[in-house]
Amino acid sequence: MAGPIPELEERATRCAQRLCEADRVLLASHIDADGLTSGAIATQALERASIPVETVFEKQLDDDAIAAIADTGYDTVLFTDFGSGQLDCIGEHEDAGDFTPVIADHHQPADRDTEYHLNPLLFGIDGASELSGAGASYVLARALADVSDETNVATDGGTATTDTATTAHPDNRDLAALAVVGAVGDMQASGGALEGANEQIVAEGVDAGVLETGKDLALYGKQTRPLPKLLEYASDVHIPGISNNEAGALQFLENLDLELKADGEWRRWSGLTNDEKQTVASALVQKAVSTGVPAGKIDGLVGTAYVLADEPIGTELRDASEFSTLLNATARYERADVGLGVCLGNREGALEQARTLLRNHRRNLSEGITLVTNEGVTHEDHVQWFDAGDRIRETIVGIVAGMAMGNDGVSHSKPIFAFAAKNDDETKVSARGTHSLVRQGLDLSSVMSEASQAVGGDGGGHNVAAGATVPAGTESEFIEHADNLIGDQLG
């Protein structure tokens, strides 16, 4: 069966064939939502192909982490959602015969070749907006289904029997749902819908019955938040009198001629009928118009929703955006095992642990945004930045930076850089831009790489979001380099 992305099919098949030759595979993946879904997709695909797999997660794939992977004794290592940017170091271990790398990634590759390297950027597909790490893993999973099916032949010429638990979805198209969660978590739907190669994965998920899509209110929390909180906490489109206004959100809803409570409790968006949703959405648009919200912003109130059809209505797992946020709340607090468990279907212990971590995550994000709002950012000619020290966890400082853009004193017209202490000797740098700035020439991946290396660190990522680690004490020098580089990019 042909794969979802024709341009990647040949390379994906070669990677899958190499994995099927392995006696066992070590799978290493990143810790964010895209990395967790990437790892979960690859783990299930390998298990279904009857390939023994051990899965590990790394916060950062640096030289030490790669050396530790080499010391595990695995002959074959599959890297998902990272590895391309670390090909120089990985290649040294490959040349030394430590292991054969197979890479399914979407980040900017280092200047080094390796045989089993599946990355959309190598084939003219934008890895920042058209295919995520989870998408690359999904393409590999689809190829694994085909390759393992071809090789799964009994010695008498018949079909070999395998555990039915690993072959319930022989084409792996059911894994498209996780690929979409990863893409949404990687902010690839920030323009209102997934685009490019992602659309082909969505189509496969819909065809397989695991995804539903359609136009809907583009607010976070449609599955789980009571209606007043859904409107009060909406941040992407600020509506005066409702956004960040508890009393205003309540008054707005109470003025609608609808039964918006059940048994004394506010209903959730996911529980409204289509007619009720239309009534609320129309009133919301009218409110936005009457309070002077620009037309372009009002258009952003509606977007494409990605619903996981097999998950219960009213849970975080039903909505791709809420699912991705739940996953981000696990590994960023050193519990990647919990996020992986949720992705693999553990709906008891792992899900409850993830929800507890999510509550803590939201509290930390809120405190972080308050810190940035109260203390402000420092503006250079072309960038803005803040240094949180040890007051914001280095694993979430990038999320805080992105969420702070547009707040009072934080500009949308400049990329934002955020520093947080990683340890006594190193500082984490996270950068966030906008797709509008990218269209003007912004490439944070190259900025992070060049500016960090100039001060003795290392970094990379995407054009719209990137990260680095630099020696403590070099923050000012780093910002000077970054400001100059972005000035050159944006002219």
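## A mostly covered helix

Helix H13, residues 336-343, is mostly covered, with seven of its eight residues buried (buried means under 20% relative accessible area, exposed over 50%, and partly exposed in between, with a 1.4 Å probe and protein chains only). Those buried residues are Ala336, Val338, Gly339, Leu340, Gly341, Val342 and Cys343, and they pack against helix H2 (33-48), strand E2 (53-57), helix H6 (176-185), helix H12 (320-331) and helix H14 (349-375). Contact here means heavy atoms within 4.5 Å, while helices (H or I, at least four residues) and strands (E, at least two) are DSSP runs numbered from the N terminus. Just after H13, Gly345 takes a positive phi of about 105°.

The model is a predicted one, in which local features need pLDDT of at least 70 and side-chain atom pairs count only at pLDDT 80 or more, whereas totals for chains, interfaces and linings use all residues. Residues are numbered from 1 along each chain as its sequence is written, and side-chain values use heavy atoms, with hydrogens and water left out.

Six strands form an open sheet of mixed pairing, in the order E10-E11-E12-E13-E15-E14, where two strands pair if DSSP finds at least two bridges between them. Its edge strands, each pairing on one side only, are E10 (378-379) and E14 (458-461). Strand E14 runs antiparallel to strand E15 (residues 465-471) and is joined to it by four bridges, and Asp458 stands opposite Thr469 in E15. Helix H18 (residues 475-490) packs on this sheet, touching E11 (384-387), E12 (416-421), E13 (426-432) and E15, and its direction makes about 160° with that of E12.

## Two helix pairs

Helix H17 (residues 444-454) also meets H18: their axes come within 9 Å and cross at roughly 145°, the axes being lines fitted to C-alpha atoms, for helices over the stretch in contact, with angles running from 0 to 180 degrees between N-to-C directions. In this contact, residues of H17 including Leu444, Val447, Met448 and Ala451 meet residues of H18 including Phe478, His481, Leu485 and Ile486. By class, the contact of H17 with H18 has nine nonpolar, four polar and two charged residues (Ala, Val, Leu, Ile, Met, Phe, Trp, Tyr, Cys and Pro count as nonpolar, Asp, Glu, Lys and Arg as charged, and the others, Gly among them, as polar).

Helix H6, one of the elements against which H13 packs, pairs with helix H7 (residues 197-208), and the axes of H6 and H7 come within 8 Å and cross at roughly 145°. The contact is made by Ala176, Ala179, Val180 and Ala183 of H6 together with Asn198, Ile201, Val202 and Gly205 of H7, a set that divides into six nonpolar, two polar and no charged residues.

A nonpolar core is a set of buried Ala, Val, Leu, Ile, Met, Phe, Trp, Tyr and Cys residues joined through side-chain atoms within 4.5 Å. The largest such core has 90 residues, of which Leu78, Leu140, Phe323, Phe386 and Ile392 touch the most other members. Leu140 touches Ala12, Cys15, Ala16, Leu19, Leu78, Ala104 and Leu118, not counting residues up to four places away in sequence.

Leu227, in helix H8 (residues 227-232), is buried, with a relative accessible area of 1%. Leaving out residues up to four places away in sequence, Leu227 touches Leu253, Leu260, Trp266, Arg267, Arg268, Trp269 and Leu272. The C-alpha atoms of Leu227 and Phe252, which are 25 residues apart along the chain, are separated by 11 Å.
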